Amino acid sequence: MGCRDVHAATVLSFLCGIASVAGLFAGTLLPNWRKLRLITFNRNEKNLTIYTGLWVKCARYDGSSDCLMYDRTWYLSVDQLDLRVLQFALPLSILIAMGALLLCLIGMCNTAFKSSVPNIKLAKCLVNSAGCHLVAGLLFFLAGTVSLSPSIWAIFYNTHLNRKFEPVFTFDYAVFVTIASSGGLFMTALLLFIWYCACKSLSSPFWQPLYSHPPSMHTYSQPYSSRSRLSAIEIDIPVVSHST
């Protein structure tokens, strides 16, 4: 695995993260979280389906693509607890995932444009590929947890509504979009963790996410050797012999 270069695993994780964030955006904006189907037995009337989203609500007759009623202020009066939680959880998950994408991009740029000779001035900033990708993986995992938990709860909340009222509530495809996107975030985190675990044995203290250097070290003429992670520090101990 090319640990010192931009590897396919990091590029794939970055693309997977972008796709997952796009899926979360779609799931947040889609008005298809819950369906309320009202069936009439009058042949002169059509059945009515109410589509409930996190922000808007739409009512349609069967066979029609136009909304008979489109409520743009639904987000202010949401009376279903799971949807209210999702209004906060999904935007928060998107923000966390975007921060992770930024860290992942910084890590790849740092890998692509770094010098073969370590620079102590840059090292003091504690910004390296390992640290960026490791923290990005943790943030992706957190974002996936924040978005997945309330999305699964929304499925079980339909059962609660059907028991409380009538069996007319069903969850719609926005739930599946969000769950799939959350799974993509977990996959992204897994790729970054695998990449880090496979490369963390690289024999250089510059590979560790957090490292320190003696204040007397300013420049380097050669890269670190493969003997030890402390091979840059050479200590000569004088030997004094006593003649009799």
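Biologist: What does the accessible surface of the chain come to, and what percentage belongs to carbon and sulfur atoms?

Modeller: The total is about 14,500 Å², and carbon and sulfur atoms hold 65% of it; the area comes from the Shrake-Rupley method with a 1.4 Å probe. This is a predicted model, where local features need pLDDT of at least 70, side-chain atom pairs count only at pLDDT 80 or more, and totals for chains, interfaces and linings use all residues. Residues are numbered from 1 along each chain as its sequence is written, and side-chain values use heavy atoms, with hydrogens and water left out.

Biologist: How many of the residues count as buried?

Modeller: The chain has 244 residues, and 39% of them are buried, meaning under 20% relative accessible area with a 1.4 Å probe, protein chains only.

Biologist: Turning to the fold, which elements are there, and in what order?

Modeller: The chain contains five helices and five strands, which are DSSP runs (helices H or I, at least four residues; strands E, at least two) numbered from the N terminus. Their order is α-β-β-β-β-α-α-α-β-α.

Biologist: How do helix 1 and helix 5 pack?

Modeller: Helix 1 (residues 8–29) and helix 5 (residues 173–199) have axes 8 Å apart, at an angle of about 160°. They are therefore roughly antiparallel, the term for angles over 145 degrees.

How values were computed:
Buried means under 20% relative accessible area, exposed over 50%, partly exposed in between (1.4 Å probe, protein chains only). Axes are lines fitted to C-alpha atoms, for helices over the stretch in contact, and angles run from 0 to 180 degrees between N-to-C directions. Angles under 35 degrees count as roughly parallel, over 145 as roughly antiparallel, 65 to 115 as roughly perpendicular and the rest as oblique.
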